[in-house]
Amino acid sequence: MPETNPENMDLDELRTEIEDIDREIVELIARRTYVADTIASVKAERDLPTTDESQEERVMERAAENAERFEVDANLVKAVFRLLIELNKAEQRRRR
């Protein structure tokens, strides 16, 4: 998909671009949740704990690195990932 330059777009085009981005974000969250659910199943089969703090720490480190790479506020990105992690853990606990 070719990148569009927002500076050359009118307001309606910008709003359409935001809608497209929002749809992609939701799709990525759905994909991530599916994979996290699969991980939960593997953990359950192997009787592994729901929480893996070292893995969570690596996820947060990657989130901060990616935030820096894309010049986005690291605290915001880490908060989003913390929420995703907590929701996945809650779902894993619910299923056990």
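Glu71 sits in the loop between α2 and α3 (74-95). Helices here are DSSP runs of H or I, at least four residues, numbered from the N terminus. Glu71 is not a glycine, yet its phi is positive, about 55°. Is Glu71 buried or exposed? Exposed: Glu71 has a relative accessible area of 75%. The cut-offs: buried is under 20% relative accessible area, exposed is over 50%, and partly exposed is in between, with a 1.4 Å probe and protein chains only.

A word on the source. This is a predicted model, so local features need pLDDT of at least 70, side-chain atom pairs count only at pLDDT 80 or more, and totals for chains, interfaces and linings use all residues. Residues are numbered from 1 along each chain as its sequence is written, and side-chain values use heavy atoms, with hydrogens and water left out.

Next, confidence. pLDDT is the predictor's confidence in each residue, from 0 to 100. The protein averages 91, and 96% of the residues score at least 70. Where is confidence lowest, and where is it highest? Lowest is α3, at a mean of 90; highest is α2, at 96.

Now the other loop. Asp47 lies between α1 (11-45) and α2 (53-69). Asp47 also has a positive phi, about 55°, and is not a glycine. Asp47 is exposed, at 67% relative accessible area.

On to helix α2, which holds Glu56. Glu56 counts as buried because its relative accessibility is 11%. Which residues does Glu56 touch? Leaving out residues up to four places away in sequence, they are Thr51, Arg82, Ile85 and Lys89. Contact means heavy atoms within 4.5 Å. The side chains of Glu56 and Lys89 are also joined by a polar contact of 3.3 Å. That term means a pair of N or O atoms within 3.5 Å; within protein, one must be able to donate a hydrogen and the other to accept it, and residues adjacent in sequence count only if both atoms are side-chain atoms.

Last stop, helix α1. Thr16 lies there. Thr16 is partly exposed, at 40% relative accessibility. How far apart are the C-alpha atoms of Thr16 and Ala36? They are separated by 30 Å, with the two residues 20 apart along the chain. At 36% relative accessibility, Ile29 is partly exposed.

Definitions and conventions: Helices (H or I, at least four residues) and strands (E, at least two) are DSSP runs, numbered from the N terminus.
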